[in-house]
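Hello,

Here is the structure I said I would pass on. My notes on it follow below.

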Amino acid sequence: MAILVCRAAHALARTAAFFAAQGYPTQALALATTQPQPLPHSQVVAEVIVLTSAAAVTSLAAATRSYRLLACVGEATAQAAREAGLEPDLVGPAQGEAMARLILHATAAWAPGWRLVHVTGDRPHTAWYAAFAAAGVQVTTLTAYTTVYRTSLPEPQARGLQTGEIAAVLLFSAQSAQTFVKLYQALAPCQAPPPALVCLSPAVAAACQNWPAPAHVAPLPDRHGMAACLRRLGLQPGV
């Protein structure tokens, strides 16, 4: 039995390699590709800059920057920032509200009225901005890349899903979850039961609408949490 790791292309190889190193027969599928674009302002000036995706790093690294704190969501984003010469001051979880609390805690001693710039893609999640608004923080969103989602499943993955060779699908964003469910439903009738969906967060699981079984949420919003979820489902490495 194999697992299928579904991510945007910029993060796929690193994530798939992690699960393969854990001993899982791993297939990888890029549900989306990203295209970096210059930031709308050549200078990024704010007390806090937040990167929520490794795909946003290239555009920020090319801009002139002034900030007191650089925050990255997830270790993969932080590592991409380091490789581009940007040293994160804060690395937090993939859940937006938890990341907001972490940033507000780190800046609790600052004078009110500071600014935050969120460097992200063309489909940002903004619900977590509410915590900053409540604290009087001005949030600006800068688009660093555009995203294009695939419209069909490649033949090897389609066959693996239809025959049951793929036992679990790992999903890391709400948009990826919606895309995968749509592509799976477009397949010809499958001989095997649908695979288990393992989701990074409750928000990702909520996006798996019309799936015939409940989606599973990792106990921690990272790769280790998703591996733990696979084990809870009885999917052991090498099996």
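Helix α1 covers residues 9-21, and its 13 residues should span 18 Å at 1.5 Å a residue; the end C-alpha atoms lie 19 Å apart, which agrees. Please keep in mind that this is a predicted model.

The buried residues of α1 are Ala11, Leu12, Thr15, Ala16, Phe18 and Phe19. Because they cover an arc of only 155° around the axis, they sit on the same side of α1. On the face of α1 turned away from the buried side are the exposed residues Ala13 and Ala21.

What do the buried residues of α1 pack against? Their partners are the strands β1 (2-8), β2 (26-36) and β10 (166-171), together with helix α9 (223-232). Just after α1 comes Gly23, with a positive phi of about 105°.

The crossing of α1 past α9 is right-handed. On the α1 side, the contact is made by Arg14, Thr15, Phe18 and Phe19; on the α9 side, by Arg223, His224, Met226, Ala227 and Leu230. Of these, Thr15, Phe18 and Phe19 were listed above among the buried residues of α1.

Ala8 belongs to strand β1, one of the elements against which the buried residues of α1 pack. With a relative accessibility of 17%, Ala8 counts as buried, since the cut-off is under 20%. Ala8 and Leu29 are 21 residues apart along the chain, and their C-alpha atoms are separated by 8.3 Å.

Not counting residues up to four places away in sequence, Gln157 touches Leu4, Gln27, Ala28, Leu29 and Ile166. Gln157 itself is found in helix α6, residues 155-163. Is the side of the cut-off on which Gln157 falls buried or exposed? Its relative accessible area is 10%, so Gln157 is buried.

In helix α3 (residues 75-83), the buried residues include Thr77, Ala78, Ala80 and Ala81. These cover an arc of only 160° around the axis, which puts them on the same side of α3. Among the elements that cover the buried residues of α3 are β4, α2 (57-62), β6 and β7. After α3 comes Gly85, whose phi is positive, near 90°.

Helix α4 (residues 96-106) has Ala98, Met99, Ala100 and Ile103 as its buried residues. They pack against β4 (48-51), β6 (69-73), β7 (90-92), β8 (115-121) and α5 (129-134).

Ala71 is found in strand β6, and at 0% relative accessibility Ala71 counts as buried. Which residues is Ala71 in contact with, leaving aside its neighbours within four places in sequence? They are Ile49, Val50, Leu51, Leu90, Met99 and Ile103. Met99 and Ile103 are both buried residues of α4. The C-alpha atoms of Ala71 and Met99 are separated by 9.0 Å, and the two residues are 28 apart along the chain.

**Two residues with higher accessibility values**

Gln178 has its place in helix α7, residues 174-185. With a relative accessible area of 40%, Gln178 is partly exposed. Leu90, named above as a contact of Ala71, is 88 residues from Gln178 in sequence and 30 Å from it in space, C-alpha to C-alpha.

Asn210 is found in the loop between α8 (202-206) and β12 (216-217). Its relative accessibility is 66%, so Asn210 counts as exposed, the cut-off being over 50%. Phi of Asn210 is near 70°, a positive value in a residue other than glycine.

Regards

Terms used
Residues are numbered from 1 along each chain as its sequence is written. This is a predicted model: local features need pLDDT of at least 70, side-chain atom pairs count only at pLDDT 80 or more; totals for chains, interfaces and linings use all residues. Side-chain values use heavy atoms; hydrogens and water are left out. Helices (H or I, at least four residues) and strands (E, at least two) are DSSP runs, numbered from the N terminus. The expected span of a helix is 1.5 Å times one less than its number of residues. Buried means under 20% relative accessible area, exposed over 50%, partly exposed in between (1.4 Å probe, protein chains only). The arc is that of the directions from the helix axis to the C-beta atoms. Contact means heavy atoms within 4.5 Å. A crossing is left-handed if the near helix is turned anticlockwise from the far one by less than a right angle, and right-handed if clockwise.
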